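Here is a short report on how the parts of one structure meet. Look at the sequence and the model first, then read on.

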Amino acid sequence: MEESANIKCENIEPKTGARVLLDALVEEGVNIIFGYPGGAVLPIYDALIDCPIRHVLPRHEQTAVHAADAYARVSGKPGVCLATSGPGATNLVTGIATAYMDSIPMVIVTGQVPTNLLGTDSFQEVDITGITLPITKHSYLVKDFKDIQRTVKEAFHIAATGRPGPVLIDITKDVLLTAGEVKAQPVKVDLKSYKYFSKGNSGQIEEAAKALAECQKAVVYAGGGIITSGAQVVLRELVERANLPVVTTLMGIGSMPYGHPNLLGMVGMHGTVAANYTVDDCDLLIAVGVRFDDRVTSGLGHRFATKAKIIHIDIDPAEIGKVVRANIPIVGDALLVLKELLNKVKPPELSKWWEQIHEWQKQNPLLDQGRDRLTPQMILEVMGELGGKDAVVATDVGQHQMWAAQYYPTSTIRQFITSGGLGTMGFGLPAAIGAQFAAPDKLVFLVSGDGSLQMSIQELATLVQYKLPIKIILMDNGVLGLVRQLQRLFCEERYSQIQLNNNPDFIKIADAYGILGIRVTSPEEVSDAIQKAIDYQGPVLIDFIISPDEIVLPMVPPGKVITEMVGR
Amino acid sequence: MLHTLAVLVDNNPGVLTRVAGLFARRAYNISSLSVCQTENPAISRMTIVVEGDDQVIEQVTKQLNKLVVVHKVSDLTREAVVDRELALIRIKVKSETRLEVLQTVDIFRGRVVDMGKSNFTIELTGDEEKIDAFVRTIRPYGLLELVRTGKIAISRLDT
């Protein structure tokens, strides 16, 4: 008996492919998966029962992928989602594209039909690696049991290093069912063809320091790269030491605390007047972790910051020179590059420049909407006052998103969660779910609109099932507000298909799901409602009835340069 | 202008789709592409001829380098290279043109690789201009079918 027990111990227990997959995920530090079961992933769901990883079941695969994405945005760790073959996989597509555009690390696992049925149009078969080719950083189709461990290891490595992004692993069902022996020793990543930069070229950084010392009108243009690399502290030190003005992109919100005297606000289409004027007039643009997106440049890279010498710091060499020419390109991680720059920096003389900037700020404050009616701005200000510095805000896409970007006082990184590049309506509620799982002890707000919310409204059930005390701030104007605003300003008020007639009673909807619903129609009720929502133990939906005529200002009309703003 | 890129890639299924897809979605125009395994069976070499100014080629190169399957991209355009194409050309012949056609093939150092009653199949290697010139010369006799490999190129430098 003794002897046979010993022999058994020395042998490696054969495991199924599904088991090997989950063990490999555990090895990568995964403790939560957002997923939705189905035929091709049955073996994974069976193995999950005996696995320490927590699984969250939303009501749609698209929620699983957005939640995994937001989990990554809040925690900084790769998010993981799981779906079955065919429609399960195609329902992930928008979410994968959302993460790809915003450089979010994510590993997506999809089941695939058995290897012998591949290519035969079998039930729930779709070529998901083919479909997602342009929206993944890399992808794998696993058809051999022996490849599982290595593939998972590589996928996490690729997703999280360099410029992060989503990596898809498609695994055939027969591989998940195969039982075999696996290596006990850890697998190493050996990817000769995958390379990324981290430390910037010292000579170039020296050049940047020199340009900074000699300039008269500098500005820092900070983006999502600051957040990805966790460079916010070094950025702030640099900015304070050299007394530099800073503008941020939508993705860069939180890289400097709201209200910091050097922060001029967001730049671009809905940026502040001071931010846009400063960028337009500067003689040195220090661009860090940004990609000169057309929502910043108006699609006019050649007319953007034309008087400036441009320092472009980015971890992705392909971003440099893509939209604007950079005089001093620096390929590297923002944190490492800014640290080195901080050591070499000599503060330039910028007092005249600041006088000019303060003048622009004084003449063009963010519009005060008044207190006589219920306004989005007032709601966001009260959220900021009552929610505290640690709250996380997830947004959907539309006017409410831009108002939140302009008026919500975000203190630091990983607190403002928004679909920047793709602009995905329906992102908000799933993102709030992912955010709450990543930060279980924090207050999580969702700022949404009646259009966006209804693209993911089934997830109210998920809030209740997992007791997620998310506070939904619904800016309810009964229209697709941002499209309506464009039609009002640029289509001579010819409104086309923007009326959301027969919206449900959102309070009754909330009630039906078991969520506390509060309706607010006047300015006097705002503080009490938000305070009540914060104090309440569970999820709350506050239906703020606002006018469809509230618009997002300032605004750069399409095709105009960033100084030609409406509403200044 | 036309640039010739030599791209070393993993010799795996799906790699061509990744490379071709990149060109398509970024709106770069491939004017010719040839691909085959190298001396190392794990690596394939693509010779891609692409149209674009220096800025476009810089972007193409950088974007290609981002693909996990791409090992190395070299722009051979301004290097000393040997480049060749292979063409197979079927030409109509009559008894009275037979000799002329054979002479022309000979001048271009081509070879007749198949012969029918009324047509020849010619094999010709050379750079693009040479093959273009041959096709121009032979066309009046009756060009029936033409197939070209696209350019392959190798650096003359001893690296």
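## Two domains in chain B

The centres of domain 1 of chain B and domain 2 of chain B, taken over C-alpha atoms, are separated by 29 Å. Domain 1 spans 2–75 and domain 2 spans 81–155 of chain B. These bounds come from an automatic or database domain assignment.

This is a predicted model: local features need pLDDT of at least 70, side-chain atom pairs count only at pLDDT 80 or more, and totals for chains, interfaces and linings use all residues. Residues are numbered from 1 along each chain as its sequence is written, while chains are lettered from A and ligands numbered from 1 in the order in which they are written.

Two residues are in contact if their C-beta atoms, placed from the backbone, lie within 7 Å. Domain 1 of chain B gives seven residues to the contact, and domain 2 of chain B gives six.

On the domain 1 side, strand 1 (2–10), strand 2 (29–37) and strand 3 (43–51) of chain B each supply at least two residues. Strand 2 of chain B has the largest share, three residues. Strands are DSSP runs (E, at least two residues) and helices are too (H or I, at least four), numbered from the N terminus.

## Where the chains touch

Chain B brings 15 residues to the contact with chain A, and chain A brings 13. On the chain B side, helix 1 (15–25), helix 2 (54–66) and strand 4 (70–75) each supply at least two residues. Helix 2 of chain B gives the most, with six residues.
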